[in-house]
Amino acid sequence: MAYRFKDTSKIPERLSGGHRMCAGCGAPVTVRTVLRAIEPEHRAVISSATGCLEVSTCIYPYTSWHDSFIHSAFENAAATISGVEAAYEALKRRGKIDEEVKFIAFGGDGGTYDIGLQSLSGAMERGHKITYVCYDNEAYMNTGIQRSSSTPLYANTTTSPAGQQRFGKVQFKKDLTMIMAAHDIPYVAQSAPYRNMKDLYEKSKKAIYTDGPAFLNVLSPCPRGWRYDTPKLMEIIGLAIDSCVWPLYEVEGGKFRLTHRPKEKVPVREYLKMQGRFSHLFNGENEEHIEEIQKIVDSRWERLLELCEES
Amino acid sequence: MAIREKLSGNEAVAVAMKQIEPDVVAAFPITPSTEVPQYFSQFVANGQVDTEFVAVESEHSAMSACIGSQAAGGRTMTATSSNGMALMWEMLYIASSLRLPIVMALVNRALSGPINIHNDHSDSMGARDSGWIQLYSETNQEAYDNFIQAVRIGEHTDVLLPVMVCYDGFITSHAVENIEILEDGEVKDFVGEYEPLHYLLDRERAISLGALDLPSIYFEHKRGQAQAMINAKQVILDVAAEYERLTGRRYGLFEEYMLSDAEVAVVVLNSTAGTTKAVVDKLRSRGIKAGLLKPRVFRPFPYDEIREALGHVKGIAVLDKAEGFSGAGGPLFTEVGSALQGIANVEMTSYIYGLGGRDVTVDHIESVFMDLKDRLADGKGNKITYLGIHE
């Protein structure tokens, strides 16, 4: 059946409103879309890394989570959910459980690209039937916008500040989606909550119903860290996709496939200029840095096209 | 029917694990505990257990997976030593605060640095404030017996705390001794089915665990956890009584050896208690009223009972196989000292011994008793002595 947002939006929510995430934050939009992909008759257990999502959705004695939820620490959402899944397998074998339960972990880029990378890699390699979702907002937002290995080149953060001598973060963004693809797990995808949510919904469906580990990397902008007006969330995501800064693709059984090809590639400058974290590049003296970013984006895009056997 | 076996400490614990047949074992190898997951994964490979064995990529993930598994509703176990438990540190506190009765074999080994694979108690002593119940084991038999009892202690609804069963690396873990083990069915009946009150996979009710606690509630949660540890003392005794009916082997909060009329006594944990018993026998044959108190339960610490047991002893040496760096004696010494506070005319002294696996012989222990006697005679002696150190 063809995807229709009108239909999927009627699927009951599994994350209640009233949580304390900021207006204009991409993370809860990501979470709600991912969870909608679970068949309503199936239960799920969710784990979350410490981060904005966890401290805003589960403050004692309240919880926004309709499914069972566990947070234990920052770097171990994958290891924690792998333990839950192991118990499920054991209890199922012993006839104590007979229903279908899905296991999903959420972590920000801090908990996924950085402090939790080992735990994630281990859980994926062991082949647990879990879906790990990184909501990537490109810095440690929960502690106040510090750089991560996901922060892009020249972004201004509180530990990679723009100053007289430096122009924000001096290193490139780590390509975690490719690292996960190199794990040769059944399903890896890069997505974003955008427009009618079709891309993210369909990839979530595939990930959650893959027989084995799956990884989703989902661009989830942060209005506080990226410095944009909250209503512009969708516009920013659209520019990230259409400028090829954040290409949408999936890797299924080792095969790369582009899931969206921009009709017209938007210059990266259009994406950068909407965000306060890059405003220092637009003062008239730092134009060459924008060019440098454009070159990197172009080269990564070309490489991806080759992998997807497109040109 | 008891079965006589010759087993190393690690093998005995692995056999206990097999007989308990938990839902999940998640572990990462580290000397000298490695054999436990090794033996156990062989039981899995042979189909002797239908436990899910999770070969994690680190001890941090081992404890994280144990937390996920036990929270999900599975009975869960692990084994580690030294730096392995140090890497779990953060998760030890979270396991106990989530009130998850995970059982861990902690094969005591010196904590780096310098790196050293041999036995002392710096690993478990460092974790003494992590909210885990700690049981110590002198012999392979005690390691086996403690491990089985740990399940019932931790899972008791008055307790709901994780339990670590400590035994000495190499000395106990690798040495083979004659022990008595139970029939598989007896162990299964003793531990029973795991029936958690709240668990993630409960089909009737979804739960959230690990919520953010603000200052309005964090304190109350910690108070509840403290009460669980207080409650554990009686549960440990009740479980021991039931275990004694099954096996004939008696366990308490500590073991007293020739203590009731002792004038001088040593307090020491784990395998060195065996050495001390030999020395006590020897001194008793010479008419010296020597005795031993060997704590089995270090957390919760049995203050009142130890005060009662040691109150009449004139000279007490507390032997710590961990430095503690308090500048005022080892961790067991400071605990025993606070148990005895206010009791007049007790000479107490701290000995640090055996760090990094330095051998402790009967001669060393005998010198401790002799020093105690001298101290009682002339009132002179060190507050802290490093036993067997090369000066």
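Reader: How many residues of domain 1 of chain B are in contact with domain 2 of chain B?
Author: 31 residues of domain 1 of chain B meet 25 residues of domain 2 of chain B. Contact means heavy atoms within 4.5 Å. This is a predicted model: local features need pLDDT of at least 70, side-chain atom pairs count only at pLDDT 80 or more, and totals for chains, interfaces and linings use all residues. Residues are numbered from 1 along each chain as its sequence is written, chains are lettered from A and ligands numbered from 1 in the order in which they are written, and side-chain values use heavy atoms, with hydrogens and water left out.

Reader: What are the bounds of domain 1 and domain 2 in the domain assignment of chain B?
Author: Domain 1 covers 3-247 and domain 2 covers 254-387. Such bounds come from an automatic or database domain assignment. The two centres, taken over C-alpha atoms, are 28 Å apart.

Reader: What area is buried between domain 1 of chain B and domain 2 of chain B?
Author: About 2,200 Å², with carbon and sulfur atoms giving 52%. Buried area is the accessible area (1.4 Å probe) that two parts lose on being put together, summed over both. On the domain 1 side, Tyr136(B), Glu138(B) and Lys233(B) lose the most, together 29% of what that side buries.

Reader: What makes Glu305(B) and Lys233(B) a salt bridge?
Author: Their closest N and O atoms are 3.1 Å apart. The rule asks for a side-chain nitrogen of Lys or Arg within 4 Å of a carboxyl oxygen of Asp or Glu. The pair therefore qualifies. Across the interface of domain 1 and domain 2 of chain B, the rule finds 5 salt bridges.

Reader: Which elements of chain B each supply at least two residues of the side of domain 1 that touches domain 2?
Author: α5 (122-126), β6 (133-137), α6 (140-155), β7 (163-168) and α8 (218-247). Helices (H or I, at least four residues) and strands (E, at least two) are DSSP runs, numbered from the N terminus. By class, that side of domain 1 of chain B has 13 nonpolar, 11 polar and 7 charged residues. Ala, Val, Leu, Ile, Met, Phe, Trp, Tyr, Cys and Pro count as nonpolar, Asp, Glu, Lys and Arg as charged, and the others, Gly among them, as polar.

Reader: Why is Ser124(B) called buried?
Author: Because its relative accessible area is 0%. Buried means under 20%, exposed over 50%, and partly exposed in between (1.4 Å probe, protein chains only). Ser124(B) lies in helix α5 of chain B. Leaving aside neighbours within four places in sequence, Ser124(B) is in contact with residues including Met85(B), Tyr136(B) and Cys166(B).

Reader: What makes the side chains of Ser124(B) and Asn108(B) a polar contact?
Author: The distance is 2.9 Å. A polar contact is a pair of N or O atoms within 3.5 Å; within protein, one must be able to donate a hydrogen and the other to accept it, and residues adjacent in sequence count only if both atoms are side-chain atoms. The pair therefore passes.

Reader: Why is His42(A) buried?
Author: Because its relative accessible area is 18%, and the cut-off is passed. His42(A) sits in the loop between α2 (26-36) and β1 (43-48) of chain A. Its side chain makes a polar contact with the side chain of Tyr209(A), at 2.7 Å.

Reader: How many residues does the contact take from chain A and from chain B?
Author: 43 from chain A and 44 from chain B. The area buried between the chains is about 3,200 Å², and carbon and sulfur atoms give 55% of that. In chain A, Tyr60(A), Arg94(A) and Arg126(A) lose the most area to chain B, together 19% of what that side buries.

Reader: How do you know that Glu21(B) and Arg94(A) meet in a salt bridge?
Author: N to O is 3.7 Å, so the pair meets the salt-bridge rule. Across the interface of chain A and chain B, that rule finds 7 salt bridges. There are also 23 residue pairs in polar contact, both residues at pLDDT 80 or more. Among the elements giving two or more residues to the chain A side are α4 (77-93) and β3 (101-108). α4(A) gives the most, with 12 residues.

Reader: Why is Thr80(A) called buried?
Author: Because its relative accessible area is 1%, which meets the buried cut-off. Thr80(A) lies in helix α4 of chain A. Not counting residues up to four places away in sequence, Thr80(A) touches Ile70(A), Ser72(A), Ser64(B) and Gly68(B).
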